[in-house]
Amino acid sequence: MKTYETDVEINAPIEVVWRSLTQEMPKSPQAFGILQLEGQIQTGAKIKLRSEVAPERAFVLKVDVFQAPNEMVWRGGMPFGLFTGRRRFSLTADGRMCRFQMKEVFSGMMSGMITKSMPDLTPSFEKFTATLKFMAEKQ
């Protein structure tokens, strides 16, 4: 399994960070490294996005979990679980601060082969996190 993750303390209440993640990010996805985002971010919904990492490819994802203001999970991949990407956004309140964690795990029988051809997502994760922190802290 290939995994990417990021973790940051944000100087803003959890509700502000959640709003930045679920409302501000869809309004200005380019700031987060997402070229295009279509669909409603809500439990069970399908969303489609194009990222800076792979601009030629559209990813259709399902919002598996949407538990405000603590957790959201997006999942996509191939049929029969041959390849699955699962991105979890986790927010934890710490007084007036918030800890934000984002983790993506790639799994399935074809994951080894597919992840070898993928670019490194670390810069994308860092950009996403820095943008979320900036947006939440300026409110």
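**View 1. The largest nonpolar core of the predicted model.** In this predicted model, the largest nonpolar core has 34 residues, among which Leu 21, Met 25, Trp 74, Phe 100 and Phe 128 touch the most other members. Helix α1, spanning residues 14-27, supplies the largest share of this core, with 6 residues. In soluble globular proteins, nonpolar side chains tend to be buried together.

**View 2. The surroundings of Leu 21.** When its neighbours within four places in sequence are left aside, Leu 21 is in contact with Pro 26, Met 72, Phe 89, Leu 91, Phe 100, Phe 128 and Leu 132. Of these partners, Phe 100 and Phe 128 are also among the core residues that touch the most other members.

**View 3. The packing of helices α1 and α3.** Helix α3 covers residues 122-138, and it packs with α1 at an angle of about 115 degrees, the two axes lying 9 Å apart. Because angles of 65 to 115 degrees count as roughly perpendicular, α1 and α3 are therefore described as roughly perpendicular to each other. The crossing of the two helices is right-handed. On the α1 side, Val 16, Val 17, Ser 20, Leu 21, Glu 24 and Met 25 meet Phe 128, Leu 132, Met 135 and Ala 136 of α3, and by class this contact has 8 nonpolar, 1 polar and 1 charged residues.

**View 4. Glu 5 in strand β1.** Glu 5 belongs to strand β1, residues 2-10, and is exposed, with a relative accessible area of 57%. Not counting residues up to four places away in sequence, Glu 5 touches Met 102, Lys 103 and Phe 125. The C-alpha atoms of Glu 5 and Phe 125 are separated by 7.2 Å, although these residues are 120 residues apart along the chain.

How values were computed: Residues are numbered from 1 along each chain as its sequence is written. This is a predicted model: local features need pLDDT of at least 70, side-chain atom pairs count only at pLDDT 80 or more; totals for chains, interfaces and linings use all residues. Side-chain values use heavy atoms; hydrogens and water are left out. A nonpolar core is a set of buried Ala, Val, Leu, Ile, Met, Phe, Trp, Tyr and Cys residues joined through side-chain atoms within 4.5 Å. Buried means under 20% relative accessible area, exposed over 50%, partly exposed in between (1.4 Å probe, protein chains only). Helices (H or I, at least four residues) and strands (E, at least two) are DSSP runs, numbered from the N terminus. Contact means heavy atoms within 4.5 Å. Axes are lines fitted to C-alpha atoms, for helices over the stretch in contact, and angles run from 0 to 180 degrees between N-to-C directions. Angles under 35 degrees count as roughly parallel, over 145 as roughly antiparallel, 65 to 115 as roughly perpendicular and the rest as oblique. A crossing is left-handed if the near helix is turned anticlockwise from the far one by less than a right angle, and right-handed if clockwise. Ala, Val, Leu, Ile, Met, Phe, Trp, Tyr, Cys and Pro count as nonpolar, Asp, Glu, Lys and Arg as charged, and the others, Gly among them, as polar.
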